[in-house]
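Let's take a look at the aromatic contacts in this one. The sequence and structure come up just below.

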Amino acid sequence: MTPTRSNLTMIAFGLSLAYLAAYQQFKLPPVLPVLLDSYRYDRTLAGGLMSVYAVAGLTMSLALGRALARRGLAGPIWAGLASMIFGNLLILAAPSVQAAVLAGRALEGAGFAVLAIAGPVLVNANASARHLPIAVGLTASWIPAGQLAATALAPVAFAWAGWQLLWLAAIAASLALAFWTWVLKRRGALAFTVASAPASGVRDADPRQRRCLALAAAVFTLWSCQYFAYMTWLPQYLVEVHGLAPGLAVAGYVIPVIVLILTNLVVGLVLRTGVPLGPVLLVGLVSQAAVWWSIPLVGGGAAGIVSLVVYGIGAGICPTCLFAMPSVIAGPGAAAARAFGVIMTGRNLGVLVGPVLLAQAFKLSGGWDISAPVFGTVAVLAAVLGLWLALWLGRRGYGAKR
């Protein structure tokens with residue numbers, strides 16, 4: 001049942017969990033050029049350092065959605081934060097050992113899988129019907145907010161303490177959120193309505209709901225594939241193709257991230273007016289496909305900046321709509337928790353494939369030339385499925401609000 005009043009404390013806590021999860025994953029791309037230069041990582045391994053997050057998500061998301069719906073949040077959140085801390089410590093201890101770095105990122109990814117579901121579910125469950133579309137926009141901003149935090153800290157790290165500062169900050173933030181979890185647990189706040197909500201959910205839902213969620217998850221897979229490939233390798237691309245120093249490459253990297261966050265909030269407000277999700281999602285998917293296919297024609301300077309801005313707008317539209325799908329299709333409470341598990345499984349599959357696929361495309365061609373047509377095709381497929389999803393939602397009367 002959707003609450004009549006929003007619980008701002010729990011919304012802030014849920015957003016903090018999600019933002020930390022995103023920071024943990026995206027603290028890598030801004031320092032990847034430095035790591036490649038210092039430790040000579042294999043490029044496929046470097047892509048795998050992002051994709052390994054998806055392995056944990058693929059194996060855990062569905063089970064986590066069910067577990068959170070039945071048992072509450074405190075225990076899984078503590079376990080996720082502990083996994084992140086140990087993963088960070090392992091990388092700090094042995095950054096030159098590629099197997100240790102990969103294992104550390106896998107531990108971080110296990111924690112990410114927990115927080116990436118618990119955070120959005122908490123936000124959606126504690127937002128009133130009036131505030132839910134805005135809450136969805138804030139939830140969708142979790143990835144760019146984490147990216148922005150990592151990107152803002154990276155120049156400080158380069159100038160002062162080295163790349164390790166980003167990992168130390170992740171440990172400190174994890175400890176702070178573990179303490180906040182303990183405080184909320186003592187107050188009984190983390191028993192959470194999911195635990196006492198009706199047992200029905202995705203497993204018991206109308207078959208049409210399951211098919212609609214599966215289609216939304218497929219769109220999320222393709223969208224995440226191209227997005228995480230783009231955002232993982234953008235700094236390296238700017239260094240190698242446009243000759244930027246790592247610090248300036250980070251500045252270019254941050255442009256679509258800032259635009260993305262602003263777009264998340266605008267789209268949340270638009271959805272609040274009752275505009276259907278499907279057409280809005282389709283606009284975002286088509287715009288990103290257009291950016292990929294235009295890359296060979298776009299150089300640096302003003303045209304390059306416009307390309308980054310347009311990509312950021314599309315990247316802001318799509319996750320806002322996709323993260324709204326669980327509550328729109330399945331409703332709030334336990335059903336939404338399970339539905340988030342389905343949606344996140346699709347997302348994680350794209351995260352697994354995208355960065356490694358781009359790395360392999362680079363290795364096979366010896367350059368960046370085939371990346372645009374490969375991921376332009378992926379983006380077009382996402383748009384085709386997005387059209388199908390929009391038609392499906394329209395026929396069944398699913399809009400921006402239930």
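## A buried tryptophan and its partner

Trp-368 counts as buried, at 14% relative accessibility (buried is under 20% relative accessible area, exposed over 50%, partly exposed in between, with a 1.4 Å probe and protein chains only). A quick caveat: this is a predicted model, where local features need pLDDT of at least 70, side-chain atom pairs count only at pLDDT 80 or more, and totals for chains, interfaces and linings use all residues. Residues are numbered from 1 along each chain as its sequence is written, and side-chain values use heavy atoms, with hydrogens and water left out.

Tyr-237 is partly exposed, at 21%. Its ring centre sits 5.4 Å from that of Trp-368 with the planes at 85°, so this is an edge-to-face pair (centres of Phe, Tyr or Trp six-membered rings within 6.5 Å; planes over 60 degrees apart are edge-to-face, under 30 stacked, the rest tilted). Tyr-237 is in helix H10 (residues 207-242) and Trp-368 in the loop between helix H14 (334-365) and helix H15 (371-395), so the pair ties together parts 131 residues apart in sequence. Helices here are DSSP runs (H or I, at least four residues), numbered from the N terminus.

Across the whole structure, the search turns up 21 aromatic pairs. One of them joins Phe-13 and Trp-180: centres 5.1 Å apart and planes at 70°, so edge-to-face. Phe-13 belongs to helix H1 (residues 8-26) and Trp-180 to helix H8 (residues 164-186), so parts 167 residues apart in sequence are tied together. Phe-13 is buried at 0%, while Trp-180 is partly exposed at 27%.

Note on methods:
Helix = DSSP H or I, 4+ residues; strand = E, 2+ residues; numbered from the N terminus.
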